[in-house]
Amino acid sequence: MARNKIALIGSGQIGGTLALLAGLKELGDIVLFDVQEGVPQGKGLDIAQSSPVEGFDARISGTQSYEAIAGADVVIVTAGVPRKPGMSRDDLLEINLRVMEQVGAGISKYAPEAFVICITNPLDAMVWALQKFSGLPASQVVGMAGVLDSARFRYFLAEELGVSVEDVTAFVLGGHGDTMVPLTRYSTVAGIPLPDLVKMGWLDGKRLDEIVQRTRDGGAEIVGLLKTGSAFYAPAASAIAMAESYLRDKKRVLPAAAYLQGEYGLDGIYVGVPVVIGAGGVEKVVEIELDRAERQMFQKSVDSVEGLIAACRKIQPSLA
Ligand code: APR
């Protein structure tokens, strides 16, 4: 059987890490695309030269031409500009919207059968625009945010409790921004919901609130430390988990920015919800029950995503 093909549009910090992880996991052959000449070629060659050491087989190439992504099974999009200190994800909107237009056209022409994972920020608006620009079915276009946000939440909880990250599950809903909704009662340690851990006295309620806030600010914390860009290792790992679930038809239940058509009472927008990802792309949107406070937080997050989508429509009226 021929290997799968993974196209990475954008070969910056996240793109390079995606290529390395896809190689290490032997997900398939890899094409790195970037507008910057030499960068995808150089990173591709460097990673290919690690393959004899790590023991993986993959053809890895770099390109400036969309033709090279032809027939890709998965396309992961990181093209655009990342945040600098003091910038919000929303500040990136106008410039990255233009980038999505080019990327959408390239995917539509050369890889219309692919499962597309968007990482470019502001995530929920960019994945919405990318789906429209590409014209691909909404079940084939998804945004990576929830896996990363819940990974941050899981890591902070595991660190606080002194337990393995493997035994912590966490659930984050809503847009990828300051209004994201970490859902404590759906997050567990070995199946025990966090509110029960608080009752048991294992987790301090105030510390939990602080961890929730640190999760919301997780991206900004790293931007503040790096100063010249934003997080890339954990975002890349998160997108690879989604790609793997698709390619291996694992049908994992993962939080992702998905297109809603009536679920959660919303229509025509992308927002972070739990989905099943398998060979059919987004095979199911899982609708969980929210209590009043959770619904209010979710609505605030949805309002902010809707604001960004409205801003996209203003910049590019063809998106209406
Ligand atoms: N087409 C293809 N690639 C492009 C285009 C374009 N039109 N415009 C910019 N790029 C490339 C840049 O040349 C750069 O190599 O996208 C790459 C982005 O890489 P980085 O600047 O290193 O950014 P990165 O940290 O990888 O983040 C990418 O993901 O998490 C989000 O907010 C983040 O929007 C940002 C994106």
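**Notebook: loops, ligand shell and helix pairs**

I began with P122, which I found in the loop between β5 (115-118) and α4 (123-134). My helices (H or I, at least four residues) and strands (E, at least two) are DSSP runs, numbered from the N terminus. I number residues from 1 along each chain as its sequence is written. This is a predicted model, and I take local features only at pLDDT of at least 70 and side-chain atom pairs only at pLDDT 80 or more, while totals for chains, interfaces and linings use all residues.

Then I looked at A190, which has a positive phi of about 50° although it is not a glycine. I placed A190 in the loop between β10 (188-189) and β11 (192-193). I noted both because most residues other than glycine have a negative phi, and most peptide bonds are trans.

**Around the ligand**

Which residues come nearest to the ligand? Of the 28 residues around the ligand, I listed G10, G12, I14, A79 and N121 as the nearest; a residue is near if its C-beta atom, placed from the backbone, lies within 6 Å. I see that α1 (13-24) and α3 each give the shell at least two residues. By class I have 12 nonpolar, 14 polar and two charged residues in the shell. Here Ala, Val, Leu, Ile, Met, Phe, Trp, Tyr, Cys and Pro count as nonpolar, Asp, Glu, Lys and Arg as charged, and the others, Gly among them, as polar.

**Annotation**

I looked up UniProt, where an unreviewed entry carries the annotation "domain: Lactate/malate dehydrogenase N-terminal" for residues 5-143; such annotations may be inferred rather than shown by experiment. For residues 5-143 I get 42% helix and 18% strand, with the end C-alpha atoms 19 Å apart.

**Helix pairs**

For the pairs below, axes are lines fitted to C-alpha atoms over the stretch in contact, and angles run from 0 to 180 degrees between N-to-C directions.

I took α1 with helix α2 (residues 39-54): they pack at an angle of about 25°, with their axes 10 Å apart. That makes α1 roughly parallel to α2 (angles under 35 degrees count as roughly parallel, 65 to 115 as roughly perpendicular, over 145 as roughly antiparallel and the rest as oblique). In α1, G16, A19, L20, G23 and L24 meet K43, G44, I47, S51 and E54 of α2, where contact needs C-beta atoms, placed from the backbone, within 7 Å. I sorted the residues of this α1 and α2 contact into four nonpolar, four polar and two charged.

Next came helix α3 (residues 93-110) and helix α10 (residues 292-315), whose axes come within 10 Å and cross at roughly 65°. That makes α3 roughly perpendicular to α10. L93, E94 and L97 in α3 meet L308, A311, C312 and I315 in α10. I count six nonpolar, no polar and one charged residues in the contact of α3 with α10.

Last, I found helix α5 (residues 146-161) and helix α7 (residues 205-216) packed at an angle of about 145°, with axes 9 Å apart. The contact of α5 with α7 has four nonpolar, one polar and five charged residues.

Note on methods
Contact = placed C-beta atoms within 7 Å.
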